[in-house]
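Subject: A structure for you to look at

Hi,

Here is the structure I promised to pass on to you. Please open it next to this email and follow along as you read.

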Amino acid sequence: MSPARSTRVRSHRTETTDRDEEPTATAVDTDRDERRGGAAKSAVDECPECGGRTRVDAAERVCTDCGLVVEADRIDHGPEWRSFADDDTNPKRTGAPLTRSRHDRGLSTEIGRSTRVKGRKRRRLARMRTQHNRARISTKRDRNKVYAYTEIRRLTGVLELPGSVRDTACALFDSAQDESLLRGRSLEGFAAACVYVACRTADVARTVGEICAEAKATEDEHRAAFDAMNRELGLPIGPTGPAEYLPRFASDLGCSTDVERRAGELAARAVSEGIANGRNPVGVAAACLYTAARELGADCTQQEAADVADVTPVTVRRTYVDLTGE
């Protein structure tokens, strides 16, 4: 007995329709997945008790109809560091950010101290703290860096310098250490010289006397370190001008903006005409402020201008005579 043959006749139109419908299987699957995803999403958004809509409130998902807490303690995938200066708008938590003012960029940890720990456990923690410090500062290079960085942070804090100057000074000390410039020279002198160079590059007016007055180094140690860095590293600094000291001196003297503006014009004239050549720019700045105050009728004496610049009244008087021609 022969097998039964199919009685279905496939026409040309039927074959064309079948070929056109075959690629649409992927689209059908996609629509099915979208419907399933939408159904799953709606199931998540619906309350399992009353079927109402839910909303996210802080770390909880709450039903708006019956008040049921559907989900609690949601995972926060945001950053986890905290700025105590901005708790209201940015309450994030973790450790401090990386900084150049630490020899390990601030990544190391410390074993703290507690008054609650007594006896054997306290002695064991003391031994662990000693071993931890030895491992964290293991070489003489690291010890020198820690000491110099501590001195740089102290100097920038006493002189009220910004954090950018502090980081620049620490980076400059790293460069000096990499070039082996520390041998036979004072670490305190290098710390003071790095702060001075960082002030010069950032256009922050600080004199050598002001830095050495707060530093643990003498002016000779500062000069030796500065000459070594300037010779070997090629520091990108030029001679200071009197205009750099005008804003600070004007603020200390309580001068008006008109006096400060006029003093700036006099300082530019002193540089262009060669009056400031070979003279201390600090004394020239004080003389420009005194001259501008005299021209505009402000209250400023030679002694006050000299005290602000830490020079003698004779220095101020000589530049004043050259500026006025008296």
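First, a few ground rules. This is a predicted model, in which local features need pLDDT of at least 70 and side-chain atom pairs count only at pLDDT 80 or more, while totals for chains, interfaces and linings use all residues. Residues are numbered from 1 along each chain as its sequence is written, and side-chain values use heavy atoms, leaving out hydrogens and water.

The overall picture

The chain has 13 helices and three strands. Both kinds of element are DSSP runs numbered from the N terminus: helices are H or I with at least four residues, strands are E with at least two. Of the 326 residues in the chain, 29% are buried (buried means under 20% relative accessible area, exposed over 50%, partly exposed in between, with a 1.4 Å probe and protein chains only). Among contacts with a separation of 6 or more, 59% join residues 24 or more positions apart (a contact means heavy atoms within 4.5 Å).

The sheet

The three strands form an open, antiparallel sheet in the order E1-E2-E3. Strands count as paired if DSSP finds at least two bridges between them. At the edges lie E1 (54-57) and E3 (69-72), each pairing on one side only. Neighbouring strands are turned by 20 degrees against each other on average, direction ignored (axes are lines fitted to C-alpha atoms, for helices over the stretch in contact, and angles run from 0 to 180 degrees between N-to-C directions).

E1 pairs with E2 (residues 60-63) over four bridges, and Thr-54 stands opposite Cys-63 in E2. E2 and E3 share three bridges, with Glu-71 in E3 as the bridge partner of Arg-61. Five residues lie between the strands in the hairpin of E2 and E3, where Gly-67 takes a positive phi near 80 degrees.

Two helix pairs

Two packed helices are described by the angle between their axes and the distance between the axes.

Take H4 (residues 140-158) and H6 (residues 187-201): their axes come within 9 Å and cross at roughly 45 degrees. That makes H4 oblique to H6, because angles under 35 degrees count as roughly parallel, over 145 as roughly antiparallel, 65 to 115 as roughly perpendicular and the rest as oblique. By class, the contact has nine nonpolar, two polar and two charged residues (Ala, Val, Leu, Ile, Met, Phe, Trp, Tyr, Cys and Pro are nonpolar, Asp, Glu, Lys and Arg charged, and the others, Gly among them, polar).

H11 (residues 281-296) and H12 (residues 302-309) pack at about 150 degrees with their axes 9 Å apart, again in a right-handed crossing. Val-282, Ala-286 and Tyr-290 of H11 touch Gln-302, Ala-305 and Ala-309 of H12: five nonpolar, one polar and no charged.

Two loop residues

Glu-160 is exposed, at 70% relative accessible area. Ser-180, in the loop between H5 and H6, has a positive phi near 60 degrees and is not a glycine either. Ser-180 is exposed too, at 60%.

Enjoy exploring!

Note on methods
Left-handed = near helix turned anticlockwise from the far one by under 90°.
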